[in-house]
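Student: I would like to learn how to read a model of this kind, beginning with a single residue and moving on to the helices. Could you take me through it step by step?

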Amino acid sequence: MGEGHKKLNFSDCMGLAIGQIIGSGIMVLTGIVIGLTGHGIAAAFILGAVLAIVTCVPFILLTSAIPSSGAGFIYIHRLMGEKAGFMYIAMFVYTQIRYPYVKAKQEKK
């Protein structure tokens, strides 16, 4: 433990992000994707990979530019101010509470 903190570089972070996406998605969603797309499964997976990379790369770059704990709140707070940070947290909490409620209501019908 005397070595200090180790840092992750861009390829480490990209590998972790891709591993998380592939780890769960490829096992759970393959059958569903085949059912929905049929012969278009290769195109669907390629499009999914491109969308995942497009959404992950900016966040990876941001985390390397502003290394801190607190994820999205810290980035919004530092870059846009306190009000924007509060709105981010408010929307995050709302979606975490509201989405399961709406989903549970839909399943009851």
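Student: Is Ile74 buried or exposed, and what is its relative accessible area?

Tutor: A word about the source comes before the answer: this is a predicted model, in which local features need pLDDT of at least 70, side-chain atom pairs count only at pLDDT 80 or more, and totals for chains, interfaces and linings use all residues. Residues are numbered from 1 along each chain as its sequence is written, and side-chain values use heavy atoms, with hydrogens and water left out. Buried means under 20% relative accessible area, exposed over 50%, and partly exposed in between, with a 1.4 Å probe and protein chains only. Ile74 has a relative accessible area of 18%, so it is buried.

Student: Where is Ile74 found, and which residues does Ile74 touch?

Tutor: Ile74 is found in helix H4, where helices are DSSP runs (H or I, at least four residues) numbered from the N terminus. Contact means heavy atoms within 4.5 Å, and, not counting residues up to four places away in sequence, Ile74 touches Ser68 and Ser69.

Student: Which residues in H4 are buried, and what do they pack against?

Tutor: An α-helix has 3.6 residues a turn, so residues three or four places apart point the same way. In H4, the buried residues are Gly72, Ile74 and Tyr75. They cover an arc of only 165° around the axis, which puts them on the same side of H4; the arc is that of the directions from the helix axis to the C-beta atoms. The buried residues of H4 pack against helix H3 (41–65) and H5.

Student: How do the axes of H4 and H5 cross?

Tutor: Two packed helices are described by the angle between their axes and the distance between the axes. For helix H4 (residues 71–80) and helix H5 (residues 82–108), the axes come within 7 Å and cross at roughly 155°. That makes H4 roughly antiparallel to H5, since angles over 145 degrees count as roughly antiparallel, under 35 as roughly parallel, 65 to 115 as roughly perpendicular and the rest as oblique.

Student: Which residues in H4 and H5 meet?

Tutor: On the H4 side, Gly72, Phe73, Ile76, His77 and Met80 take part, and they meet Glu82, Ala84, Gly85, Phe86, Tyr88 and Ile89 in H5.

Student: How do the axes of H2 and H3 cross?

Tutor: The axes of helix H2 (residues 30–37) and H3 come within 9 Å and cross at roughly 120°, which makes H2 oblique to H3.

Terms used:
Axes are lines fitted to C-alpha atoms, for helices over the stretch in contact, and angles run from 0 to 180 degrees between N-to-C directions. Helices (H or I, at least four residues) and strands (E, at least two) are DSSP runs, numbered from the N terminus.
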